[in-house]
Amino acid sequence: MLDVHARVERGALTLDVALRVPPGAVLAVMGPNGSGKSTLLEAVAGLVPLTAGHVRLGDEVLADAAAGHHRPPARRGLGVALQDGALFGHLSARENVAFGPRAQGVRAAAARAAADALLADVGLAEHARTRADRLSGGQARRVAVARAVAARPRALLLDEPFAALDAGTRHGVHGVVRRAVAAGVPALLVTHDLRDALELADALLVLEAGRAVQQGTPAEVAAAPATAYVRRVAAAG
Amino acid sequence: MSGRTAGRLSSWALVLAAGAGVAVLVLPIVALLLATPWGDLPALVGDPAVLQALRLSLGTATVATTVSLLVGVPLAWVLAHDDLRGVRLLRALVTVPLVLPPVVGGVALLLLLGRRGLLGGTLHAWTGLSVPFTSVAVVLAQVFVSLPFLVLAVEGALRGADRRRALAAQTLGASPGYVLRRVTLPAVAPGVAAGAALCFTRALGEFGATVTFAGSFPGTTRTMPLAVYQAMDTAPEQAVAMSVLLLALSMTVLVALRGRWLGGLPGTGGRPAGRAR
């Protein structure tokens, strides 16, 4: 179980959200620009500090603001795909995907084989040796998902991983996420596309101005939009 | 006058102005190459006085570049962090030597380290050492004028090496040392190399600060540019030969830099056939 209560103050935004994701479940997070989706994900990853609240994973406490406890991101054991990928431009696609395992001491040959398999799953087998800074935006996002999954995370945090993907490749990347989650990993999926939520997620949380304005299964939310934003998204999806 | 004619006229004016710009930059080099006594070049360049100046130039410029790297990379790191107090003022100070006439830099160095200088007097009284008119002074003059080039190039590279990538590496379980070794330094390396190359060529060409602060003594402070200037009076052919040699050195650095940019890093595979699928 990923159990989060995140209060973060960042510029004009005050984020205050509580959520729980059971093992093997996907929680989709949607919301307009500036609603705090990425901040929420970064807070769970430990990249921005909590001003109040906690992050627990299973029986481990990753962060607890009241106790002044903040485990550094490198020791949280999460698989994170940041917005726009944040790939290492000087490394190849394969080296990017193998980065997590290598950093954690997995031997080169094994890390490489696992990376190649994941790249094939996201439809980028022929780009294994391409420098990451020469990949297109959509390709970079797919590599970022493969990189997050390759680290054998205890929870997955994906920020807009399917943006700019066409239907065919989107399907392949969905498969990669589904398989990782099926191993009992909770996943947080930030998206702006209701179709992703409907296809992948068990639950949907809608954020506006840092607060949860609607929660439920994706189908429930789509059927009974609570705000103008959700109505617009439901109409587009 | 019709609009089309006016447009054609103004584009002609643009081409003419651009051509004049190219002429200003290229014609002097052409004149130099035409005046070069190519047949006698090996003998002229092989002259002991020329070789002495060349050795001194390469040696001092290499030391100056090394010193600039040692102090310039940390300085660039500080400048790349806008959130620190006083960084804007610091950047302005670092930029001063870029716009200052080098000869003024030489005068300033003399006033700092000369026998009666701000620090030079004390230094001489305590250690008996005197910096001006030595090879050390040559290096200091070169560092003074070339360090800003390195600092600004490296600062740009550090800013480009987006912090988000370091954060992404952390989330994948990488220790701070691993992040530095595998992400930050490799991303910055081309910028450091470019900065070092710029710094080296600037140091190699240094004249004003050197002649003021270090003088022109054969073997200790008479670097190539000083030797060229000296030779213009006594042996113009030799001056031309040395100039061509300096030109060749600068071009070599330029070509090496271009190779670095275009060739990418070794062992990373070629360009993909196309970005769009």
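Helices, of at least four residues, and strands, of at least two, are DSSP runs numbered from the N terminus. The legends below concern a predicted model of two chains.

**Figure 1. The helices of chain B.** Chain B contains 12 helices and 0 strands. Read from the N terminus, its elements run α-α-α-α-α-α-α-α-α-α-α-α. The radius of gyration of chain B is 24 Å, well over the 19 Å that the globule rule gives for 277 residues, so chain B is more spread out than a compact globule. Along the principal axes, the C-alpha trace of chain B spans about 70 × 65 × 45 Å. Of the 277 residues in this chain, 33% count as buried. Where contacts in chain B link residues at least 6 apart in sequence, 73% of them join residues at least 24 apart.

**Figure 2. The packing of helices α3 and α4 in chain B.** Two packed helices are described by the angle between their axes and the distance between the axes. Helix α3 (residues 48-79) of chain B packs against helix α4 (residues 87-99) of chain B at an angle of about 140°, and their axes are 9 Å apart. α3(B) and α4(B) are therefore oblique to each other. On the side of α3(B), the contact is made by Leu75(B), Val78(B) and Leu79(B). On the side of α4(B), Val87(B), Leu90(B), Arg91(B) and Val94(B) take part. By class, this contact of α3(B) with α4(B) has 6 nonpolar, no polar and 1 charged residues.

**Figure 3. The surroundings of Ala203 in chain B.** Ala203(B) is placed in helix α9 (residues 176-204) of chain B. Is Ala203(B) buried or exposed? A residue is buried if 20 or more other C-beta atoms lie within 10 Å of its own. Because Ala203(B) has 30 C-beta neighbours inside 10 Å, Ala203(B) counts as buried. Leaving aside residues up to four places away in sequence, Ala203(B) touches Ala61(B), Ala64(B), Thr65(B), Gln142(B) and Ser146(B). From C-alpha to C-alpha, Ala203(B) and Phe144(B) are 9.1 Å apart in space, although 59 residues apart in sequence.

**Figure 4. The fold of chain A.** The secondary structure of chain A comprises 8 helices and 11 strands. With a radius of gyration of 17 Å, close to the 18 Å that the globule rule gives for 237 residues, chain A is as compact as a globular protein of that length. Taken along the principal axes, the C-alpha atoms of chain A fill a box of roughly 50 × 45 × 35 Å. Of the 237 residues of chain A, 50% count as buried. Among the contacts in chain A with a separation of 6 or more, 65% are between residues 24 or more positions apart.

**Figure 5. The interface between chain A and chain B.** In this view, 24 residues of chain A are in contact with 23 residues of chain B. On the side of chain A that touches chain B, β7 (78-81) and α2 (93-103) of chain A each supply at least two residues. Which element gives the most to this side of chain A? It is α2(A), with 3 residues. The residues on this side of chain A divide into 12 nonpolar, 8 polar and 4 charged.

**Figure 6. Confidence in the model.** The model scores ipTM 0.90 and pTM 0.71. Chain B averages a pLDDT of 88, and 92% of its residues score at least 70. Over residues 262-277 of chain B, the pLDDT is below 50. Beyond near neighbours in sequence, this stretch of chain B has 14 contacts in the model.

Terms used. Residues are numbered from 1 along each chain as its sequence is written. Chains are lettered from A and ligands numbered from 1 in the order in which they are written. This is a predicted model: local features need pLDDT of at least 70, side-chain atom pairs count only at pLDDT 80 or more; totals for chains, interfaces and linings use all residues. Two residues are in contact if their C-beta atoms, placed from the backbone, lie within 7 Å. Ala, Val, Leu, Ile, Met, Phe, Trp, Tyr, Cys and Pro count as nonpolar, Asp, Glu, Lys and Arg as charged, and the others, Gly among them, as polar. Axes are lines fitted to C-alpha atoms, for helices over the stretch in contact, and angles run from 0 to 180 degrees between N-to-C directions. Angles under 35 degrees count as roughly parallel, over 145 as roughly antiparallel, 65 to 115 as roughly perpendicular and the rest as oblique. The radius of gyration is taken over C-alpha atoms; the globule rule is 2.2 Å times the number of residues to the power 0.38. A residue is buried if 20 or more other C-beta atoms lie within 10 Å of its own, exposed if 12 or fewer, and partly exposed in between; C-beta atoms are placed from the backbone. pLDDT is the predictor's confidence in each residue, from 0 to 100.
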